[in-house]
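Look at the sequence and the model below.

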Amino acid sequence: MKAIRAGSLLAVAACVFALVGCSNAVAPGDTSHAAIDPAHATIGLLLPDSTNTRYESADRPAFEARIHDKCPGCSVAYQNASADAARQQQQAESMLAQGVAVLVLDAVDGEAAASIVNEAVAKGVPVIAYDRIIDSPDLSFFVSADNERVGVLQAQALVDRLRELKAPAGSGILMVNGSPTDNNARAYKEGAHSVIDSSGYTVLAEYDTPDWAGSEAQTWVAGQITQFGTRITGVYAANDGLAQGAIAALQAAGVNPVPPTTGQDAEVAAVQRIIAGTQYMTVYKPIRQQAQIAADAALTVVRGGHPKGTTTTKVSGKPVPTVTLKPVTVTLQNVKKVVIDTGFHTAAEICTPAYQAYCKEHGIS
């Protein structure tokens, strides 16, 4: 067994004597990570991209507010990877060099991010997987929505709507899936297929969209319109950014009305499209609650504790404590109740001049 540095033992002893948890007590043999003062710790937050507007508008501010509320002396070091896994690796290494007490990581690429976890754990820094699971058994905690359920909700809403519109059996659906490097995207797709494949409707074509880029979705859908034309009766889009790209392609091709199109994240622009009738549905996830749970877990780890989950997620056979939140289908019928009345977005955010008439029509004020 490797010897533990004397300074490390003193730091751990001081924490125990003071009855205060001390996460990040230096691991045996580690010489690169000093003991952390839990009242003045720096928490690293690494988010994957700015393509999905939720990260800057909801996840980050909710996380930072929770940390500052629960630990006024703590600080948050933040970086966004702009959908670049190599950049995220560099950002993580920089944070580890700066001495963060814990990393909260929403991985661009769940497989590649395992190396980040390995480096962090080697330096005695715990890692919390945020929103997307990482292919490492050394995670301290994982919080996300029920991702397969998201896909089920999206597909069920789409199929139900096509039946309401009396779309005949065999009618065609385009599937605009998420990024192939995102483990969540795989779960959404599996959930969606579990509904669509037995619905009697036909998947004309599907596409795993690199980096969740709406522009890529728009280009791909434009090509499918050329190929399939009026056979397209519905569009499964895995999130609101992809829905925006798909709808833009349909509108540019003169398709009117736009076929029922799904989404996810309840972005402001998506809610506006829903009340205007160009996007059929989205999925609301309690993003701010998720960010708060992650912040609380980070502080628990910093203080020497072990975050508790309501379930576990097995990674390489090892159970990782997990909290899984419930997603909710949002259509025109419940958008005010789910999105506005809960304070997720304000009426002022939704009812910009271009959408004021729609807000008035649907009682949003």
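**Sheets, helices and a ring pair**

V176 stands opposite Y207 in strand 7. Helices (H or I, at least four residues) and strands (E, at least two) are DSSP runs numbered from the N terminus, and two strands pair if DSSP finds at least two bridges between them. The model is predicted: local features need pLDDT of at least 70 and side-chain atom pairs count only at pLDDT 80 or more, while totals for chains, interfaces and linings use all residues. Residues are numbered from 1 along each chain as its sequence is written, and side-chain values use heavy atoms, with hydrogens and water left out.

Strand 6 (residues 172-177) and strand 7 run parallel and are joined by six bridges. They belong to an open sheet of three strands in the order 7-6-8, with parallel pairing. Strand 7 and strand 8 (232-237) are the edge strands, and each pairs on one side only. On average, neighbouring strands of this sheet are turned by 15° against each other, direction ignored; axes are lines fitted to C-alpha atoms, for helices over the stretch in contact, and angles between N-to-C directions run from 0 to 180 degrees.

Which strands does helix 5 (residues 147-164) lie across? They are strand 6 and strand 8, and helix 5 runs at about 165° to strand 8. Helix 7 also packs on the sheet, touching strand 6, strand 7 and strand 8, and its direction makes about 160° with that of strand 6. Contact here means heavy atoms within 4.5 Å.

Y207 returns in a ring pair. The structure holds four aromatic pairs, where rings of Phe, Tyr and Trp (its six-membered ring) pair if their centres lie within 6.5 Å, and planes under 30 degrees apart count as stacked, over 60 as edge-to-face and the rest as tilted. In one of them, the ring centres of Y207 and W220 are 5.3 Å apart and the planes are at 10°, so this pair is stacked. Y207 lies in strand 7 (residues 202-208) and W220 in helix 7 (residues 214-228), 13 residues apart.

A second open sheet has seven strands in the order 2-1-3-4-5-11-10, with mixed pairing. Strand 2 (75-80) and strand 10 (311-315) are at its edges with a single partner strand each, so one side of each has no neighbour in the sheet. Its neighbouring strands are turned by 25° against each other on average, direction ignored.

Within this sheet, strand 4 (residues 127-130) and strand 5 (residues 141-145) run parallel, joined by three bridges, and A129 stands opposite F142 in strand 5. Strand 10 and strand 11 (residues 318-325) run antiparallel, with five bridges between them, and T311 stands opposite T322 in strand 11. These two strands form a hairpin with two residues between them, and S316 in the turn has a positive phi of about 55°. Helix 3 (residues 85-98) lies across strand 1 (42-47), strand 2 and strand 3 (102-105), at about 180° to strand 1.

Helices also meet each other. The axes of helix 2 (residues 54-70) and helix 10 (residues 287-302) come within 8 Å and cross at roughly 40°. Helix 2 is therefore oblique to helix 10; angles under 35 degrees count as roughly parallel, over 145 as roughly antiparallel, 65 to 115 as roughly perpendicular and the rest as oblique. Residues making the contact include F63 and I67 of helix 2 and A291 and L299 of helix 10.
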